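Subject: Structure handover and findings

Dear colleague,

Please find below the structure for your review. The findings follow directly after it.

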Amino acid sequence: MSPAAGSPLTPAPDATIAPVDVAVGNGSLTLIPDARLLANPAAFPIVIDPPVSTPSSACTSVIKGMPNEQNWKFSGSQGMGKCPTDYSAKSCDGIDTRRLMYTIPLTAYRTNMTILEATFSARVAFIYSAQPTPEPVRLYRVGPKDFGVTSASSWSNTDTLWDAHLATVDKAISPTACSSPANLHFESAATGTLAKTVQSAVKSGWSKITFGLRAADESRFAEWKRLCGNAYLAVTYNRPPATLTAAKLSSDPGGLCSTAASGARVSRLPKLYAQPSDPDHSPAEAEPVKVEYKISWTDTAGAAQTYAAVTGMLSPGATFQHQVVDRKGRVIPENAVVSWMARVSDGVVWSPWSPACRFVIDKNVPGAPLVHSLDFPRERSGAGIGTPGEFTFIPNDEDGFDDAVTKYTYDFDSDNQPPAHLTPARPGESVTVRWTPHLRGGHKLIVTSYDGANNASEETTYFFHAVAGAPATGQWNLDDGPQAQAARDAAGNHPARIGPKVKRGTPGNGTAADHVMDLDGTTGSYLETDTSVLDTDEGFSVSAWVKPDITSRDMTALAQSGTGEPGFRLGYQAAKKTWEFSVPTTDIQAMNETTLTATTARTCPDGTRAPVCSGQWRHLTGVYDPGAIKPLKLYVDGQLAAEADRPAPWQAHGTFQMGRERARTGYRAHWNGQLADVRAYNRATTANEITTMVATKVDRLGYWDLDAASGKTLAEASGGPALTMAGGATHYAETMTDVESGNTLMLKAAADGTLTPGGRLILKSNGYAATTTAPLPGTGSFSVTARVRLSSRTATTTQTLLALPGTTTNRFAVRFTASTNGLPGHWELVVPKEAGSEKPAAVARAYADGLPDEGIGQFITVTYDALTQRLSLYVDAVAAEPNPGDPTPVSGHVDGVLMTWPATTGLQVGRARTGSGTFGDYLAGEVDDIRVYHGVLDRPTITQLTDNYTKPAL
């Protein structure tokens, strides 16, 4: 569905929200929507990045001494309070008193939202006193519904509109720049006046609201301040859970919700099921909800009967169920139409009731078939995504009917496709089907049996849950150093011997901060494991980044050897000039094979168009999913290129090959070009996982060399968001004397190798530096690095080097702790305890032998791999290890981290979020060479960055 030409497309009030990943590289920006959202046809149209914002749309300063003057949309800052003539009689001439007003648009808010918190924030640029002292500032609502300041607003026509005092802040405020984070916050919980005012305006459908700032005592110079024009309103809100539709309701027996007046006919009282959703969160972040069921019928005496039942609080992906029962004195009679509906609560507000579903007890209906699965037990967590499971359908022999079952129909997840059919070998026998879940969470299977006369049974509804997929069996990043004899397997299972003609450490498919292996196409260009890696007769997936240097002959990127033929090959086919995923029918030479090819033409570096271009990187994935209708699949750059059936699965017992394949006649099809990031799974990888693999290329998003400062600003090398110093932060410009005496953190070399002075950030007295916006997207892989030297070996407080804050805590924070209980201090990587939440943090500790070196300090690296969901910490290129003296040691990485909630504040250097709206854990020391990357830095790059020579190209 497309919007009308020229009209904006905006999300519906109850629209589901899901994070969008971002991949940046090769001059392009790729947006990666949530796969679960895209898989739901009812989700369309989909709006990416809807225009929701709450900064002020207009501001003005009004002047008591010049009541008819206007100062609309002033730039920079303007005064508030009694103009201090003792400070500047000339600039205050005729002014008397100033007030500030800000109009905030409310069009992004919906009338069904419940405001949980509201904060009005501004930036105080100057104060009257030489040192910050507590002086009150008052916040007002100005004017009635939809009042907004304009170019005509003045003291004379707004003075009488300041009749709703909302809040007062009376604390010492250190001035800041208008481009820095706000330093004045009027915070309000749901019961506070500010939040209640915003709630009332939203409920009443206001399009905008105007706030005013003024001094508490407009006769005192001491309360004068200058404030910036970029104030904003931050709101934490909650929407009612989405109304349950008939498609989200079912019963067992009975199947999908029947809204027909006659209802579904069932032989016994059913169990009711609901699948709720939370519109304020993606499935990975969803908060617990509960479901209320209401069941109604008319008894044999003609009296209306009803009862209600409420479930406990569970995550939306769980099974919400209620077994309908006869109540004392209120028996549900046979042949009576029973109506039931459901609604959802998130603990704050209830959704509207669902449509009414109906059933009728009819004991003359054949009983529902039985469903059994060892892989995915009923109403329990089973195998992981990408793993096929067997489901067996069994006739109901206890229903009192003699007719044997001759057919079954089944439907997984009500996918809007006609139900599939299975016929037993003989009437009355069971059947088994294989199916692969591709999404984590709850799934639903509906099965119906039929007799020889095609009479349908009751429907069986079978709920089950899929967990996260099994990790890679082998993962070779191929970033190993020049002296490596084997390619390291990140999964720890299968190191791969490196052939003599393989060149290590070649710059790769991301920035210079990326390394790959270069194969020259001769017989010595290969990598090989010692043992078999994949079970090729079961589900498997293989993937790699590939760049061919030639297209004149067949070349194999990945294969696993069999006896006569490889179990599979993934690579390039010269005859058709296409990418190829090929699986032989048997392990016998010259027999048939199933070959999938990618024929979509792409633009090559020379301007021509072809499916495969020499000298161009592509990501290839081959999948065998035995639970799919077409189990063989080929993906190119994350897009499905071809799929086909596989006639006869078989196991290739040989070794795993990179850069060649083995046939009965020997090795062949040697790769001429480059390979990187090879992964092998003993399961099918999902489309969403493959998309994530494609998005893991390394690309630098920010680099602050800190060599120079402009006032309080530290520029980013490519013109990106600058770091702004605040508090006790200063910049130190080095001299040649510093270089010659070794008083540097980083050594800066000119083109001829001559050392030149640089600079660094000095942090003390609660000083810090921060960007105004987060340099990282809300999701996806990333890496962050910095060099740091603490001021003292006897630090007594926790000190944060880097943090990326949310509202109440940090997406991550890297900090150094003081010596406690006789243990040496250590670096810690701190992340939220629960995926996708801002709840109390979990800690990954890295053991450091004493405090950091006072010479060149230490180089700290944080990496996050979105595919493996691992957040890791490196200290001087060494992966963090547990502290052997810690009574509760934890590893230097955190697994299972879903980075799906956005950072709401810029990158912080020298402090971290320690509570709602507050910062702390300030660092005292020196910082240099701060870098942010999209993607995961490899070990050689981290090692290369660790030495103290600047590397602007990395």
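Two strands are taken to pair if DSSP finds at least two bridges between them. Strands (E, at least two residues) are DSSP runs, numbered from the N terminus. The model is a predicted one, in which local features need pLDDT of at least 70 and side-chain atom pairs count only at pLDDT 80 or more, while totals for chains, interfaces and linings use all residues. Residues are numbered from 1 along each chain as its sequence is written, and side-chain values use heavy atoms, with hydrogens and water left out.

Confidence

The pLDDT is the predictor's confidence in each residue, from 0 to 100. Its average over the protein is 84, and 84% of the residues score at least 70. Residues 47-53 have a pLDDT below 50, and this stretch has 10 contacts in the model beyond near neighbours in sequence; a contact here means heavy atoms within 4.5 Å. The pLDDT is also under 50 over residues 846-851, where the model has 22 contacts beyond four places in sequence.

Sheets

Strands of a sheet pair through backbone hydrogen bonds, either parallel or antiparallel. Strand β26 (residues 405-412) pairs with β27 in the antiparallel sense over 3 bridges. Within β27, His-421 stands opposite Thr-409.

Strand β18 (residues 290-298) and β19 are antiparallel and pair over 7 bridges. Tyr-293 has Ala-309 in β19 as its bridge partner.

Disulfides

A disulfide is a covalent bond between the sulfur atoms of two cysteines. With the criterion that the pair of cysteine sulfur atoms lies within 2.5 Å, the count comes to 3 disulfides. Burial is given by relative accessible area: buried means under 20%, exposed over 50% and partly exposed in between (1.4 Å probe, protein chains only).

- Cys-83 and Cys-92 are joined with an S to S distance of 2.0 Å. The torsion about their S-S bond is about -75°, so this disulfide is left-handed. Cys-83 is buried at 11% relative accessibility, as is Cys-92 at 6%.
- Cys-178 and Cys-228 form a disulfide with their sulfur atoms 2.0 Å apart. The link of Cys-178 and Cys-228 is left-handed, with -85° about the S-S bond. Because Cys-178 lies in the loop between β9 (164-171) and β10 (184-189) and Cys-228 in strand β12 (residues 225-228), the pair ties together parts that are 50 residues apart in sequence. Cys-178 is partly exposed at 27% relative accessibility, whereas Cys-228 is buried at 0%.
- Cys-257 and Cys-357 are joined, S to S 2.0 Å. The link of Cys-257 and Cys-357 is left-handed, with -105° about the S-S bond. Cys-257 lies in the loop between β15 (255-256) and β16 (264-266) and Cys-357 in strand β22 (residues 357-361), so the pair ties together parts that are 100 residues apart in sequence. Cys-257 counts as buried at 14% relative accessibility, and Cys-357 at 1%.

The sulfur of Cys-59 is 10.0 Å from the closest cysteine sulfur, in Cys-228, which is too far for a bond. Cys-59 is buried, at 6% relative accessibility.

Buried positions

Ser-250, in strand β14 (residues 249-252), is buried at 1% relative accessibility. Leaving aside neighbours within four places in sequence, the residues in contact with Ser-250 include Cys-257, Tyr-273, Trp-340 and Phe-463.

A nonpolar core is a set of buried Ala, Val, Leu, Ile, Met, Phe, Trp, Tyr and Cys residues joined through side-chain atoms within 4.5 Å. The largest has 42 residues, of which Trp-476, Leu-558, Phe-656 and Met-658 touch the most other members. Strand β37 (residues 540-548) gives the most to this core, with 4 residues.

Yours sincerely
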